[in-house]
Amino acid sequence: MHRTGTTRRAFVAGATAVTGAAGLGALPAASARAAERAAPGPVAPGSVAVLGGGVAGLTAAHELAERGFAVTVYERRALGGKARSMDVPGSARGGRRPLPAEHGFRFIPGIYHNLPDTMRRIPFPGNARGVFDNLVAPGEMMFARTGREDLRMPIPWPGHRPERLTLDEIRRALTALVETATGLPLHEGAYFVNRALVFLTSCDERRDEVWEHTPWWDFTRAARMSETYQRILAIGVTRNIVATKAEEASTRTVGTLGEAFVFNALGRGADGPPDRILNAPTNEAWIDPWEAHLRSLGVEFRIGWTLREVRYGDGRVTGAVVEDPGGARTTVTADHYVCALPVEHARRTWGAALRAADPRLARCDRLQTDWMTGIQFYLTERPPMVHGHVNCIDSPWSLTAIAQAEHWRGRDFPADYGDGTAVDCLSVDISEWDKPGILYGRTAKQCTREQVAREVWAQLKAALNDTGRTVLKDGALHSWFLDPGVDGLGTPNPTNEDQLLIHPVGTFHHRPSAATAIPNFFLAGDYVSVGIDLATMEGANAAAREAVNALLDRTGSDAARCAVKPLFRAPEIEALKRHDRTRHRLGLRNALDLG
């Protein structure tokens with residue numbers, strides 16, 4: 001996530017070393033590296049160009065390399081994409097590392113299964129389970145309310161002990177959670193629990209045909225309810241789960257993820273606790289070890305190569321036009337291509353012929369993205385905050401945050417980073433860029449970078465310093481760092497190189513599958529249709545696995561297919577869903593739906 005004003009597109013592949021001279025013809029599909037691998041051992045199954053080095057691209061490279069393919073990854077800026085961490089330029093002193101920054105804080109909940117599986121397969125010194133053992137679980141979270149008492153709550157996690165999952169048990173658990181977490185009037189809490197149970201017992205057809213086209217705001221009847229209900233259960237839930245406005249977000253998406261988190265909290269179908277973060281900056285704990293492991297498997301990387309066009313002819317992708325770090329263009333070729341760019345960048349490279357070959361590619365133009373960007377505040381005193389994530393639910397810019405140093409076990413922040421005076425990093429996500437703030441009366445896009453930092457700091461203080469204690473002190477603010485992918489702030493045309501796929505109603509049906517109609521072209525990214533139905537690292541990882549499986553199927557490979565684990569479905573609820581399927585087909589409401 002973190003660029004210097006460039007784009008996260010990516011770059012294509014060939015299995016040969018790519019020469020930087022402009023005007024070259026297509027490079028041969030079989031690289032020297034592939035030939036070396038082929039002798040004296042068995043011939044490699046083919047060359048693959050992985051176009052993009054984010055989570056999707058690295059996952060695809062990982063799975064393909066384990067199956068003997070000759071893989072080259074093309075990435076414009078740096079490996080890891082929006083998931084990576086980066087250095088704050090000029091911040092290192094006295095032999096320390098630069099202050100760590102990021103596009104936004106990492107969050108790897110227990111509902112994820114595919115991404116943790118990959119992490120377990122990335123070696124890390126001293127860890128029996130590789131990079132996975134760098135995950136730690138915060139024990140609480142907080143809804144910070146401006147001018148009102150904050151809601152601080154423990155994160156339930158009974159381990160893997162199976163909980164009873166009768167409807168009454170689920171109702172009691174949800175009621176206890178809502179009453180503890182919100183302080184709502186009892187009738188509003190009861191109504192929300194009923195709406196949750198309606199979704200929980202809805203069949204897949206109702207979810208796809210009705211709830212996909214119903215905004216979460218309408219599904220929860222938020223317009224009729226109190227401001228607290230709206231802030232926490234309508235706006236807060238959608239911002240936390242899908243980073244989308246409640247008035248627009250698909251109930252199918254919000255409900256599916258909410259359901260998974262409920263089961264996670266009850267100890268059912270989860271990989272681990274509901275909230276997990278890394279115990280160090282992302283590159284140190286995950287991305288750099290991943291790159292090293294992939295190189296050990298023979299994966300080659302071309303960093304600084306920009307994809308300009310995916311070329312199509314004679315029923316196949318024939319090559320990809322890339323721009324090298326020096327600005328020269330050339331065409332590279334491979335046997336197979338995995339496009340692992342974010343959708344807003346990928347679709348720019350799909351020409352008319354490619355789109356005509358698979359009309360589903362054109363439907364990706366209807367997918368929408370929005371701004372969600374991180375800013376870090378470096379502090380000379382550790383703030384007395386909750387030991388986990390904070391959702392500032394009344395903040396105009398929909399801020400969420402976490403103080404990181406206490407979770408970076410084994411790291412001495414002032415000894416390891418910066419100039420030795422900063423002791424913590426408060427990492428903040430800005431989810432709303434189009435509403436006026438409290439200092440300048442401007443939207444975040446209308447503010448300069450300096451004004452954005454001051455505005456976010458003011459909104460954080462308004463949320464955290466309003467209940468009798470000073471959590472954030474102006475005198476403890478060492479410095480700040482705003483994601484450099486955001487450019488032109490305060491001008492009429494601000495830009496953001498790393499946007500977030502959002503999930504307005506109806507957009508699920510525009511998402512493509514990993515296997516395209518073009519036999520040697522595959523899609524991997526968080527916009528691809530997979531079970532989790534959300535723009536997440538888990539979705540990117542699952543899509544890459546699906547792309548590799550499709551490639552194996554197309555080539556007739558006898559290699560083991562990638563495991564793709566779906567979200568947990570409670571068997572105890574399936575009978576209720578079957579009953580609802582009958583009602584839905586008869587044109588009736590869900591049996592629990594009171595309107």
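**Pockets, cavities, helices and strands**

Trainee: Which element supplies the largest share of the lining of the second largest pocket?
Mentor: This is a predicted model, in which local features need pLDDT of at least 70, side-chain atom pairs count only at pLDDT 80 or more, and totals for chains, interfaces and linings use all residues. Residues are numbered from 1 along each chain as its sequence is written, and side-chain values use heavy atoms, with hydrogens and water left out. Helices (H or I, at least four residues) and strands (E, at least two) are DSSP runs numbered from the N terminus. With 4 residues, the largest share of that lining comes from helix 9.

Trainee: Which elements give two or more residues to this lining?
Mentor: On a 1 Å grid over the protein atoms alone, a pocket is an open set of points with protein on both sides within 12 Å along at least five of seven lines, a cavity is a set where a 1.4 Å probe fits but cannot get out, and lining residues have an atom within 4 Å of a point. The second largest pocket has 14 lining residues, and Asp204, Arg207, Thr256, Gly531 and Arg569 lie nearest its centre. Two or more residues come from each of helix 6 (204–209) and helix 9 (251–265).

Trainee: How many charged residues does the lining of this pocket have?
Mentor: Ala, Val, Leu, Ile, Met, Phe, Trp, Tyr, Cys and Pro count as nonpolar, Asp, Glu, Lys and Arg as charged, and the others, Gly among them, as polar. The lining of the second largest pocket has 4 nonpolar and 2 polar residues, and its charged residues number 8.

Trainee: What is the volume of the largest cavity?
Mentor: The model has 5 cavities of 30 Å³ or more. The residues that line the largest cavity include Glu102, Arg106, Gln404, His407 and Trp408, and by class its lining has 7 nonpolar, 3 polar and 2 charged residues. A volume is the space filled by probe spheres set on the grid points, which are joined across faces, edges and corners. For the largest cavity, the volume is about 100 Å³.

Trainee: Which helix gives the largest share of the lining of the second largest cavity?
Mentor: The second largest cavity has a volume of about 50 Å³, and its lining has 3 nonpolar, 4 polar and 2 charged residues. Helix 8 (227–241) and strand 17 (390–392) each supply at least two lining residues. The largest share, 4 residues, is that of helix 8.

Trainee: How far apart are the end C-alpha atoms of helix 17?
Mentor: The expected span of a helix is 1.5 Å times one less than its number of residues. The 15 residues of helix 17 (residues 571–585) should therefore span 21 Å, and this agrees with the distance between its end C-alpha atoms, 22 Å.

Trainee: Which residue of strand 24 is the bridge partner of Val338?
Mentor: Two strands pair if DSSP finds at least two bridges between them. Strand 14 (residues 336–339) pairs in the parallel sense with strand 2 (residues 47–51) over 4 bridges, and 3 bridges join strand 14 to strand 24 (residues 521–523), also in parallel. His336 and Val338 point one way from strand 14, Tyr337 and Cys339 the other way, and all are buried. In strand 24, the partner of Val338 is Phe522.

Trainee: What is the relative accessible area of Asp533?
Mentor: Most residues other than glycine have a negative phi. Asp314 has a positive phi of about 55° and is exposed, with a relative accessible area of 83%. Asp533, in the loop between strand 24 and helix 16 (537–555), has a positive phi near 50°. Asp533 is buried, and its relative accessible area is 1%.

Notes: Buried means under 20% relative accessible area, exposed over 50%, partly exposed in between (1.4 Å probe, protein chains only).
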